[in-house]
Amino acid sequence: MKLLVINGPNINMLGIREKGLYGEQSYEQLLAYIRSCCKELGVEDVEFFQSNHEGAIVDAIQAAYGKKDAIVINPAAYTHTSVAILDALKSVNLPAVEVHLTDVTKRENFRQVSYAGMACLTRFCGLGFAGYREAIKYLLDYLQEEKQG
Ligand code: DQA
């Protein structure tokens, strides 16, 4: 599986931003964790993309077309606002899973809508870093099942 992992705005501030919610670990530590999960789970290739800009995330999703097999995406605040990211995910039609470090279902009303989620197979919320591992496992199983028909 060739995997693209996308993180949206302020995820690069992990370890600095709202530690009570998002924890003490940095974005670099998140990448190291995902890399080790990929190795353990036998993911052939993983690429990371983080941006604070909506259009840049749309570009990264479009660039995955024909090159990647699956997408793990934490669109961060754009989850709740971005029809452009939803449309980009629909456009490339790659299997995608949504991840949130926190349990957005237990947070503010404005976090209860997920546009990106409408183009995702499933979501993992509130598991911290482990949500990315669950998403990768889910996509590996999904692609395996697809192959078997
Ligand atoms: C987040 C949840 C979003 O509501 C928030 O805007 C974020 C991070 C999460 O990982 O829990 O920036 O996506």
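In the predicted model, serine 51 is found in the loop that runs between strand E2 (45-50) and helix H3 (54-63). With a relative accessible area of 7%, serine 51 is buried, because buried means under 20%. Beyond residues up to four places away in sequence, serine 51 touches Asn7, Gly8, Pro9, Ala56 and Ile57. A polar atom of the serine 51 side chain also lies 3.0 Å from the backbone nitrogen of histidine 53.

Asn7 is touched by serine 51 and also by tyrosine 132. Tyrosine 132 lies in helix H5 and counts as buried, at 1% relative accessibility. The contacts of tyrosine 132, residues up to four places away in sequence not being counted, are Val5, Asn7, Leu30, Ile34, Val72, Asn74, Val99 and Leu101. One of these residues, asparagine 74, is 58 residues apart from tyrosine 132 in sequence, and the two C-alpha atoms are 9.0 Å apart in space.

Leu30 and Ile34, both touched by tyrosine 132, belong to the part of helix H2 that meets helix H5. Helix H2 spans residues 27-41 and helix H5 spans residues 130-148. The two helices pack with their axes 10 Å apart, at an angle of about 30 degrees. Angles under 35 degrees count as roughly parallel, and H2 and H5 are therefore described as roughly parallel to each other. The crossing of H2 and H5 is right-handed. On the H2 side, the residues in contact are Leu30, Tyr33, Ile34, Cys37, Cys38, Glu40 and Leu41. The residues they meet in H5 are Ala130, Tyr132, Arg133, Ile136, Lys137 and Leu140. By residue class, the contact of H2 with H5 comprises ten nonpolar residues, three charged residues and no polar residues.

A further loop, between strand E4 (96-100) and strand E5 (122-125), contains arginine 107. The relative accessible area of arginine 107 is 18%, so this residue also falls under the 20% limit and is buried. Leaving aside residues up to four places away in sequence, arginine 107 touches Leu21, Tyr22, Thr102 and Gln112. With threonine 102, the contact includes a polar one of 2.9 Å between the two side chains. Glycine 66 lies 41 residues from arginine 107 along the chain, and the C-alpha atoms of these two residues are separated by 36 Å.

Terms used: Residues are numbered from 1 along each chain as its sequence is written. This is a predicted model: local features need pLDDT of at least 70, side-chain atom pairs count only at pLDDT 80 or more; totals for chains, interfaces and linings use all residues. Side-chain values use heavy atoms; hydrogens and water are left out. Helices (H or I, at least four residues) and strands (E, at least two) are DSSP runs, numbered from the N terminus. Buried means under 20% relative accessible area, exposed over 50%, partly exposed in between (1.4 Å probe, protein chains only). Contact means heavy atoms within 4.5 Å. A polar contact is a pair of N or O atoms within 3.5 Å; within protein, one must be able to donate a hydrogen and the other to accept it, and residues adjacent in sequence count only if both atoms are side-chain atoms. Axes are lines fitted to C-alpha atoms, for helices over the stretch in contact, and angles run from 0 to 180 degrees between N-to-C directions. Angles under 35 degrees count as roughly parallel, over 145 as roughly antiparallel, 65 to 115 as roughly perpendicular and the rest as oblique. A crossing is left-handed if the near helix is turned anticlockwise from the far one by less than a right angle, and right-handed if clockwise. Ala, Val, Leu, Ile, Met, Phe, Trp, Tyr, Cys and Pro count as nonpolar, Asp, Glu, Lys and Arg as charged, and the others, Gly among them, as polar.
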